[in-house]
Amino acid sequence: MNVAVFIAPGFEEIEAFTVVDYLRRAEQNVTVVSVPEDGCPVISSVVEGSHGIKVVADVLLKDFINNDSSKDIDAIYFPGGMPGAKNLSDNQFLFELITEFESKGKLVAAMCASPVVVLAHTGILANRKWTCYPGMEDEVSKWCGGDTKAKELLENSTHKKGLPFVLDNNVLTGRGPGTAEQFSMKFVEIAAGRQIADKIHESTCQR
């Protein structure tokens with residue numbers, strides 16, 4: 001599976017690194033894409049997370065777009081963290097990419113703040129079960145442009161509390177940093193199959 005992981009300044013490091021690490025252990029093709037802060041003229045492959053850890057992305061978003069790389073991608077992932085999730089949410093290309101993946105039934109994954117901040121305003125959570133960082137479910141109106149719009153965009157959706165992750169059709173959502181391993185292993189199972197997931201679970205001494 002070809003997976004694009006989008007990170008922006010202020011991303012949650014555990015959520016990004018754990019997913020990338022486990023997917024690469026499963027021999028999946030993972031591309032880390034650097035998304036600039038909204039309105040920032042400086043675009044760098046070095047992206048600093050919300051806890052001051054810097055990572056070198058594989059490609060800049062502008063090059064990802066110019067090379068039309070999304071056509072070869074099977075799944076997209078958005079880690080949480082603030083203001084990282086907001087920076088992702090402000091990007092119009094990513095908004096359109098999410099809706100495109102939804103229309104094609106391709107996997108869209110997000111965790112922590114990102115299900116609410118990045119996914120909700122695209123309408124992808126409508127008619128689905130999902131989870132997020134505790135308390136973020138109360139902020140959907142803020143990120144969707146008001147109560148009326150939020151009700152429309154999340155019609156018939158169900159927030160599931162206390163679960164490490166929720167998979168509903170082609171949308172995988174996760175709760176937060178402490179559930180990153182469980183979320184990642186579900187991602188591995190989807191991408192590479194249960195047998196590979198079991199091998200990685202055993203070889204990495206997971207609980």
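# Local features and helix packing in a predicted model

Asn91 sits in the loop that runs between helix 3 (84–89) and helix 4. Helices (H or I, at least four residues) and strands (E, at least two) are DSSP runs, numbered from the N terminus. This is a predicted model, in which local features need pLDDT of at least 70 and side-chain atom pairs count only at pLDDT 80 or more, while totals for chains, interfaces and linings use all residues. Residues are numbered from 1 along each chain as its sequence is written, and side-chain values use heavy atoms, with hydrogens and water left out.

## Single residues

Asn91 has a relative accessible area of 16% and is therefore buried. Buried means under 20% relative accessible area, exposed means over 50%, and partly exposed lies in between (1.4 Å probe, protein chains only). Neighbours within four places in sequence aside, Asn91 is in contact with Val35 and Leu61, where contact means heavy atoms within 4.5 Å.

Glu102 belongs to helix 4 (residues 92–104). Its relative accessible area is 30%, so Glu102 is partly exposed. Apart from neighbours within four places in sequence, Glu102 is in contact with Ile124, Arg128 and Asn170. Glu102 and Pro177 are 75 residues apart along the chain, and their C-alpha atoms are separated by 25 Å.

Lys54 is located in strand 4 (residues 54–56). Lys54 counts as exposed because its relative accessibility is 57%. With neighbours within four places in sequence left out, the contacts of Lys54 are Val46, Val47 and Glu48. From C-alpha to C-alpha, Lys54 and Ala4 are 18 Å apart in space, and they are 50 residues apart in sequence.

## Backbone exceptions

Most residues other than glycine have a negative phi, and most peptide bonds are trans. Glu27 is not a glycine, yet its phi is positive, near 65°. This residue lies in the loop between helix 1 and strand 2 (29–34). Glu27 is exposed, since its relative accessible area is 74%.

Cys205, also not a glycine, has a positive phi of about 60°. It is found in the segment after helix 9. At 69% relative accessibility, Cys205 is classed as exposed.

The peptide bond that joins Met82 and Pro83 is cis, with omega about 10°. Pro83 is part of the loop between strand 6 (75–78) and helix 3.

Two packed helices are described by the angle between their axes and the distance between the axes. Axes are lines fitted to C-alpha atoms, for helices over the stretch in contact, and angles run from 0 to 180 degrees between N-to-C directions.

| Helix pair | Angle between axes | Distance between axes |
|---|---|---|
| Helix 8 and helix 9 | about 140° | 7 Å |
| Helix 1 and helix 8 | about 35° | 9 Å |

Helix 8 and helix 9 cross in a right-handed sense. A crossing is left-handed if the near helix is turned anticlockwise from the far one by less than a right angle, and right-handed if clockwise. Helix 8 contributes Met185, Val188, Glu189 and Ala192 to this contact, and helix 9 contributes Arg194, Ile196, Ala197, Ile200 and His201. By class, the contact of helix 8 with helix 9 holds six nonpolar, one polar and two charged residues. Ala, Val, Leu, Ile, Met, Phe, Trp, Tyr, Cys and Pro count as nonpolar, Asp, Glu, Lys and Arg as charged, and the others, Gly among them, as polar.

The crossing of helix 1 and helix 8 is right-handed. On the helix 1 side the residues are Ile14, Glu15, Thr18, Val19, Tyr22 and Leu23, and they meet Ala180, Glu181, Phe183, Ser184, Met185, Phe187, Val188 and Ala191 of helix 8. Ten of the residues in the contact of helix 1 with helix 8 are nonpolar, two are polar and two are charged.

## The largest pocket

The volume of the largest pocket is about 240 Å³. Among its 13 lining residues, Glu181, Gln182, Met185, His201 and Gln206 are the closest to the centre. On a 1 Å grid over the protein atoms alone, a pocket is an open set of points where a 1.4 Å probe fits, with protein on both sides within 12 Å along at least five of seven lines; lining residues have an atom within 4 Å of a point. Grid points are joined across faces, edges and corners, and a volume is the space filled by probe spheres set on the points.

Helix 8 (180–192) and helix 9 (194–203) each supply at least two residues of the lining. Helix 8 gives the largest share, five residues. The lining has three nonpolar, four polar and six charged residues.
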